[in-house]
Amino acid sequence: MTIRTLRLAGWRVVVRPTGIRVAGFFIAGLLFAVQPGNCQNARSRVEKEQQIASLPEDQRAFERFRFWWAALPENERLGRGDVTQAQQGAFLAKYAEWLKNGGFAPPEVEKQLALIKRRGGAGDAEFWNQYLITDRRQWLNSAPNGFLVEIVKGRKPGKALDVAMGEGRNTIWLAQQGWDVTGFDPADQAVAVARERAHHLGLAIHAEITTMEQFDFGENRWDLIVLSYAGCSQIARQVEKALKPGGILVEEAFHTDALKTMKIGGSLCKPGELPSAFQGLRVLRYEEPVAKPDFAPRPARVVRFAAEKPVE
């Protein structure tokens, strides 16, 4: 899990988005690319328009949106976590009104919104390429997720899916254990790293550059699905449908308690959320420990969930 400060999805202690991916709506990804800060910095709208006048049209649209978003009170900003389509619609309606008040005619307002929506997916990939590859932090876990290793140990290999695979740490480890692994992520550079590492190790993996919305999870297709800091319960229905009978889900994400000491978004789970969301699965293990997360520099509360699809 690219949010280039936009999955989706990373988050922080004011440590930059601590790598939390989200199954998401376009706006969730886009907002990770929107850094709060001193964007407004006493500049008027006119000054901002003058500043961005020479930029390409789509970039002007994004910078204009960023300028508006950064000036909003904290409690009015759309969160980077789970948001509904209704919330997104209301948020964009507010932005549309701001554009109209600034002199944009209705057709131009619609065009601006369309450009913002289109920017969302690209911004997600841009963020995660930078976060996972270009500006990678030393504290990011490059090893496979420990909970995944513990749950999968001794299990007969089959077909596995690594959602928001990033640079492939879990995908490659599973392939080394004999699993037939498919991973996907919108971050093209991260996926390229995964492919190169697999090639170097003589491993066969299937790595796709795509999003959760576009990927075909299928039905009764996977023996294992991994959600490692790839959102919380947003894709519960797809996962339950996609698992084979007897297949398992292994998931780790941040607990909402982590917000007490860090600024986090995206892969945030409420207490007991996962067992409640995945009611079609049989819980194998569920815990909410304080531990060292894969995407944060210090211990925080996380959720760990392993569940199996019953054999009819």
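**Contacts, backbone angles and cores in a predicted model**

Leaving aside neighbours within four places in sequence, Lys 270 is in contact with Thr 256 and Tyr 286. The model is predicted. Lys 270 belongs to the loop that runs between strand 6 (268-269) and helix 10 (273-277). With a relative accessible area of 57%, Lys 270 is exposed, because the cut-off for that class is over 50%. His 255 is 15 residues away from Lys 270 along the chain, and the C-alpha atoms of the two are separated by 6.1 Å.

Asp 294 is also a loop residue, placed between strand 8 (290-291) and strand 9 (300-308). Its relative accessible area is 5%, so Asp 294 counts as buried, the limit being under 20%. When neighbours within four places in sequence are left aside, the residues in contact with Asp 294 are Trp 139, Leu 140, Asn 141, Asn 145, Arg 169, Ser 228, Tyr 229 and Glu 252.

Tyr 229, one of the residues in contact with Asp 294, sits in the loop between strand 4 and helix 9 (236-242). Tyr 229 is buried, with a relative accessibility of 0%. What is the phi of Tyr 229 near? The value is near 55°, which is positive in a residue other than glycine. Most residues other than glycine have a negative phi. A positive phi is found at Asn 220 as well, where the angle is near 50°. Asn 220 lies in the loop between strand 3 (206-209) and strand 4 (222-228). At 38% relative accessibility, Asn 220 is partly exposed.

The nonpolar cores come next. The largest nonpolar core has 26 residues, and those touching the most other members are Leu 161, Val 163, Phe 217, Ile 225, Val 239, Leu 249 and Phe 278. Strand 1 (159-163), strand 4, helix 9, strand 5 (243-255) and strand 9 each give two or more residues to this core. Another core, of 21 residues, lies apart from the largest one; its members include Val 152, Trp 179, Val 181 and Val 191.

Terms used: Residues numbered from 1 in each chain as written. Predicted model: local features only at pLDDT ≥ 70, side-chain atom pairs only at ≥ 80, totals over all residues. Heavy atoms only, no water. Helix = DSSP H or I, 4+ residues; strand = E, 2+ residues; numbered from the N terminus. Buried < 20%, exposed > 50% of the residue type's maximum accessible area, 1.4 Å probe, protein only. Contact = heavy atoms within 4.5 Å. Core = buried A, V, L, I, M, F, W, Y, C linked by side-chain atoms within 4.5 Å.
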